[in-house]
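Here are my notes for you, point by point. Have a look at the model first, then read along.

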2 protein chains.
Amino acid sequence: MALIVQKYGGTSVADAEKIKSVARRIARTKDAGNQVVVVVSAMGDTTDALMSLAATITEHPDMREIDVLLSTGEQQSMALLAMALKSMGYPAISLSGAQAGIRTDATYRRARIKQIDLRRIVSELEKGNIVIVAGFQGISEGEDITTLGRGGSDTTAVALAASLKAEECQIYTDVEGVYTADPRLVPEARKLDEIGYDEMLEMASYGARVMHPRAVEVGELFNVPVLVASSFNDNPGTLIHGEVAMEAGNKVRGIAHDLDVAKITVVGVPDRPGIAAAIFVPLADAGISIDTIVQNASIENITDLTFTVARSQLDGAMAVVEPIARSIGARECVSDARLGKVSIIGIGMQNAPGYAARMFRALSDKGINIQLISTSEIRITCIIDENRVKDAVRALHRAFELETND
Amino acid sequence: MALIVQKYGGTSVADAEKIKSVARRIARTKDAGNQVVVVVSAMGDTTDALMSLAATITEHPDMREIDVLLSTGEQQSMALLAMALKSMGYPAISLSGAQAGIRTDATYRRARIKQIDLRRIVSELEKGNIVIVAGFQGISEGEDITTLGRGGSDTTAVALAASLKAEECQIYTDVEGVYTADPRLVPEARKLDEIGYDEMLEMASYGARVMHPRAVEVGELFNVPVLVASSFNDNPGTLIHGEVAMEAGNKVRGIAHDLDVAKITVVGVPDRPGIAAAIFVPLADAGISIDTIVQNASIENITDLTFTVARSQLDGAMAVVEPIARSIGARECVSDARLGKVSIIGIGMQNAPGYAARMFRALSDKGINIQLISTSEIRITCIIDENRVKDAVRALHRAFELETND
């Protein structure tokens, strides 16, 4: 008898009909002789509705109380899903984060799971129950309700699968799996049967909105096989795991893109030790996430420092950087909010330098100007004008022959 | 420094403006130098909306999961109220039934409080916090969420006041207190400054929708002074307590009425031991609450047995009683769903038989026919045609001179 963890996102449980359909899918897994633990998100846009409700009370709602409020969303969907299963004759029980033993730190709005006390879940499984666990939430050492922030329900599911040593963690969502590129941009994009954790991490971080990178990291750390598939049909989905065929490693697996990129360049920076810290420490303190950083080669001890942030953080970042730029004697700060990025991702790229050249040529053939380049072991990213992102993704998909089968 | 427990019902926290207004009232109590524990119901018709949601999933939702679902209503309002207080600069913290240590039995939908583990509440009060507790909910020994059923939030408040040895439990609601009769029926009805527990219990049980009798019982048992007042103005309200002036005891305090009465008569019942049990045990098993029971004097060992139930339970009761009536050889079962009842209530009535006569004369003067009579130590109730209830309440209010001051 295998133990399967399944996770259903908000769109999969958005109304009563969808909840009943999810219940039927769970029932099939149970009928196949498995033990099943289900992690469920809040219905549809419940979380947004609750945030709006809080905003009618005060502009700056207390973080602890936001978590108390938001956690009711998953508590509602878990109860409804358990009801649906029981009405079909399947033994089921819902458990809140606290009841399921999801212990977190006390960082409200973005708590991290510290450990999972499995006693209640195991005892309910032993009674033959399908166990429905609220995603996205936990409880702190001080018995306060916490929420896990973005990617929280995915993370709950993978962490539970890891703790329970489940055979597989199945993430059911509104897409059918991980594609070689966004199918809305590239009609010939192909669904991948499997992908490695590191590749998925780069795909997830670089704009493929299939599964949150945080959850992929937990999967990698504990080597949990994660299947991403659609909750609306029975197509096979993509298996994210650590045992991708060796030969498949040495090629580009997919193209990721992101349209939410803004760039700041501090022009004419004196090139001396401590300058980077002087700029980036205050940005971090202001809660601004920096993505790519590029520093030009220094000419006569004067350099340009360029970095990218999410568009929504551009104004905040400029407000922090401009006074610093003046105080360190830089010439000026310039920004550009209309950028995007495209990345090619695949294990083994570092050892096969031809990939970068092929990427740059494909972009150049389309007349696409590259503004910044950054790389990791398994990824090459180019930052380009946002209007050219679609062309770039299509050109790269063709250049690396991703439309053909593995 | 006194400790005050305040309870706000659903209409008092129905929207953001009302929640902020409740927060200001709580702040005033805190500013006056008190420690404050607040019990809050779900906003407006949230509980009904959640029940409807469950009904879209299944006709017969599981009771445990209904409690999981319903408990989110109070969890939302407690979080919003705590946010409102914190945004005004008052330290506050919300606690669910589980967090507040409200331990109940495991009877879903109508759990009873077994004990309250005060550690968390006391610790938060010691930190200077206003403590906002979810009404209507608790947690069982097995760590399952329970709800307390009708009157649950009132009961939470009075039970907390008892456990905390609070100076007073204040129930804020949409009426200004306990009246000598329903002001919608009797314009000259007068608000009582105070009333004894037993009198309130009769008033509450017999149709005065101010406070649930279950909560009054807890108040009496632990001698908690309970103030019932409006959450929408600063008028004084009614104090329910055990120390009503001795002289005030010996008179009628109020007129209660109830329009939700149906009557069943089993006609021609053989008068032998065990007949009453044969009828009423199966009714109890079917979850039907019997109110008044009257058995006529037996003539030739044949009698009529009449009892009343809530109108919504009439069909269910008839379905139980008719086969029994046949099996015990009764002649027939007849029912009447269009009844109401009026009661006069006051301590010391038993020792002053003139009251019953005055009541019957007042009704007879108005041509109102009495169908059944029942009495307790402090109450006389007449069951009459529902169309005459309004006239009866007015006539009795006048007959006992309740419009004049004490």
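1. Start with the sheet in chain A: four strands make an open sheet, ordered β5-β4-β7-β8, with mixed pairing. Strands here are DSSP E runs of at least two residues, helices are H or I runs of at least four, and both are numbered from the N terminus; two strands pair if DSSP finds at least two bridges between them. The edges belong to β5 (113–116) and β8 (145–147) of chain A, each with a single partner strand, so one side of each has no neighbour in the sheet.

2. A word on the source: this is a predicted model, where local features need pLDDT of at least 70 and side-chain atom pairs count only at pLDDT 80 or more, while totals for chains, interfaces and linings use all residues. Residues are numbered from 1 along each chain as its sequence is written, and chains are lettered from A and ligands numbered from 1 in the order in which they are written.

3. Now zoom in on β4 (residues 102–104) of chain A: three bridges join this strand to β5(A), and the two run antiparallel. Thr104(A) sits opposite Ile113(A) in β5(A).

4. What lies across β7 (137–140) and β8 of chain A? That's helix α3 (residues 63–87) of chain A, running at about 75° to β8(A). Angles go from 0 to 180 degrees between N-to-C directions, with axes fitted to C-alpha atoms, for helices over the stretch in contact.

5. Helix α5 (residues 152–163) of chain A packs on the sheet too, touching β4, β5 and β8 of chain A. Touching means C-beta atoms, placed from the backbone, within 7 Å.

Note on methods: Two residues are in contact if their C-beta atoms, placed from the backbone, lie within 7 Å.
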